[in-house]
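Subject: Structure handover

Hello,

Here is the structure I said I would pass on. Please open it next to this message as you read.

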Amino acid sequence: TLSDRLSATFKNLRGKGRLTDADIDATAREIRIALLEADVNLGVVKEFIAAVKERAKGAELTGALNPAQQVIKIVNEELVEILGGQTRVLRFAKRPPTVIMLAGLQGAGKTTLAGKLAKWLANQGHTPLLVAADLQRPNAVQQLTVVAKRAGVAWYAPEPGNGVGDPVAVARNSISIAQQKLHDVVIVDTAGRLGVDTELMQQAADIKAAVNPDEVLFVVDAMIGQDAVSTANAFAEGVGFDGVVLTKLDGDARGGAALSIARVTGQPIMFASSGEKLEDFDVFHPDRMASRILGMGDMLTLIEQAERTFDAEQSAKAAAKLSGRGDGEFGLGDFLDQMKAVRRMGPLSKIFGMLPGMTGDMKEQISGIDEKEIDRIEAIILSMTPAERENPKILNGSRRARIAAGSGTKVSDVNKLVERFFEARKMMTQLASGKMPGMPGMPGM
Ligand code: GDP
Ligand code: MG
């Protein structure tokens with residue numbers, strides 16, 4: 001696996017403080033092979049590797065992870081990001097019905113997906129209507145009615161004298177039927193061909209124009225590998241879509257198609273289909289797909305555990321020092337470690353971003369301030385001698401001037417930091433000694 005290969009590449013690296021360019025190049029080669037084996041598009045691989053290299057070069061090795069783990073962590077995070085980061089949820093119309101249109105090649109799994117989606121929505125209290133706008137294949141309509149019955153939802157299919165042979169009319173009619181019968185979601189199944197062709201694109205585009213969907217989902221078979229990218233591009237151009245559904249993930253596809261499509265079209269993957277039964281369906285999880293592509297779910301779990309343990313150890317040490325039981329006093333070095341631990345939880349903007357009522361402007365300000373601030377604090381502390389970090393009381397005027405010059409900051413910045421440190425230490429000491437309620441574990445930030 002990739003993790004074995006990387007571990008071999010990094011055997012001699014333990015104890016180094018930073019990854020060298022040569023180390024990173026060696027890693028990049030291994031990751032490149034892994035991605036190509038997972039069937040990721042070559043252009044996407046190149047772009048991706050460049051981004052990872054860039055990040056790895058700036059990465060400092062922490063005590064928690066060995067170099068191989070560190071790089072895997074970066075690769076994984078970048079993969080998850082490209083795969084959409086967070087799962088995007090369906091957008092419902094302000095005024096029902098919400099119209100969802102499915103598009104894709106023949107055999108991609110659209111009709112099956114229509115049933116899965118309908119059942120999933122029905123379970124959440126929606127009242128979906130399945131619409132048979134695939135009039136291409138002789139038994140397509142019948143297949144859809146079977147699927148709808150299995151899903152326990154209503155369907156709309158052309159009858160003699162009502163839209164037979166005209167998928168656009170069927171789709172259009174279905175909307176007023178849904179309004180009359182109070183279906184809050186309409187799922188329009190469409191015809192596919194074996195390959196991309198203009199007639200098919202035109203029909204799909206016409207249906208789209210007739211029903212004005214809230215979501216057009218491009219359904220694609222994950223097993224088709226490299227072809228997925230050109231097909232996705234053709235549908236993006238010919239029809240346009242808002243989200244992707246990957247099907248047949250129960251097959252042995254490594255998921256490279258997913259990465260490629262997400263990257264190339266810039267549209268999120270929203271659902272995953274993994275079998276012929278209606279239950280084989282889930283919202284798409286970028287993190288799970290990333291570990292599938294890397295072939296290392298266990299490794300990623302290990303990395304998370306290592307980091308958590310490391311944080312816990314660090315916190316325990318800091319807490320011991322603060323309560324006077326540990327080795328030496330709580331100094332500026334410990335202070336910096338604590339700051340970094342908080343930073344590892346993710347950008348504060350992300351944490352604040354989850355609070356309701358924050359505007360984009362406010363988020364930007366917060367993220368700008370805290371990241372820059374921590375960078376400055378880090379620079380200042382790193383410009384101090386170990387003795388100064390250990391015992392900040394010795395920081396007289398000339399030392400402060402030297403530190404400011406060394407860190408590219410002003411003496412007033414150094415003063416502010418030292419003042420803040422003493423205040424924080426006082427507060428944390430009180431916390432740790434139990435004079436204030438709420439014990440450490442997370443010393444005082
Ligand atoms: P459509 O032409 O796009 O409507 O595709 P269908 O829904 O008719 O599916 C084509 C074939 O793929 C059928 O035999 C389905 O049972 C099968 N299929 C659909 N989705 C999946 C899936 O996620 N996994 C597997 N193994 N088979 C699937
Ligand atoms: Mg079909």
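What follows is a short account of what was found in it.

Bear in mind that this is a predicted model.

**Overall**

The protein chain has 445 residues, and 39% of them are buried. Its secondary structure comes to 18 helices and eight strands. Take the contacts between residues at least 6 apart in sequence: 73% of these join residues at least 24 apart.

**Ligand 1**

The shell around ligand 1 holds 17 residues. Gly109, Lys110, Thr111, Thr112 and Ser273 are the closest. By type, the shell has eleven polar residues, five charged and one nonpolar. Which helix gives the most to this shell? Helix α5, residues 110-123, does, with three residues.

**Helix α5**

α5 is 14 residues long. From first C-alpha to last, the helix reaches 20 Å. That is close to the 20 Å expected at 1.5 Å a residue. Ten of its 14 residues are buried, so α5 is largely enclosed by the rest of the structure. The buried set includes Lys110, Thr111 and Thr112, which are also among the residues closest to ligand 1. Leu113, Ala114, Gly115, Lys116, Leu117, Ala118 and Leu121 are buried too. Just past the end of α5, glycine 125 takes a positive phi of about 95°.

Next along is strand β2, residues 128-133. Is this strand mostly covered or mostly open? β2 is mostly covered, with six of its six residues buried. Pro128, Leu130 and Ala132 point one way from the strand. Leu129, Val131 and Ala133 point the other way. Both sets are buried.

β2 pairs with two strands. Six bridges join it to β4, residues 185-190, and the two run parallel. In that pairing, leucine 129 stands opposite valine 186. Three bridges join β2 to β3, residues 154-156, again in parallel. Here leucine 130 stands opposite tryptophan 155. Between β2 and β3 the chain crosses through helix α6, residues 140-151. This β-α-β crossover is right-handed.

**Valine 186**

Why does valine 186 count as buried? It has 26 other C-beta atoms within 10 Å, and 20 or more make a residue buried. Aspartate 214 is 28 residues from valine 186 along the chain. Their C-alpha atoms are separated by 10.0 Å.

**Glycine 240**

Last, a loop position. Glycine 240 lies between α9 (227-238) and β6 (243-247). How many other C-beta atoms lie within 10 Å of glycine 240? There are 14, so glycine 240 is partly exposed. The cut-offs are 20 or more for buried and 12 or fewer for exposed, and 14 falls in between. Glycine 240 and alanine 205 are 35 residues apart in sequence. In space they are 8.2 Å apart, C-alpha to C-alpha.

Best wishes

Terms used. Residues numbered from 1 in each chain as written. Chains lettered and ligands numbered in written order. Predicted model: local features only at pLDDT ≥ 70, side-chain atom pairs only at ≥ 80, totals over all residues. Near = placed C-beta within 6 Å. Helix = DSSP H or I, 4+ residues; strand = E, 2+ residues; numbered from the N terminus. Nonpolar A, V, L, I, M, F, W, Y, C, P; charged D, E, K, R; others polar. Pairing = 2+ DSSP bridges. Right-handed = clockwise from strand over helix to strand, strands pointing away. Expected span 1.5 Å × (residues − 1). Contact = placed C-beta atoms within 7 Å.
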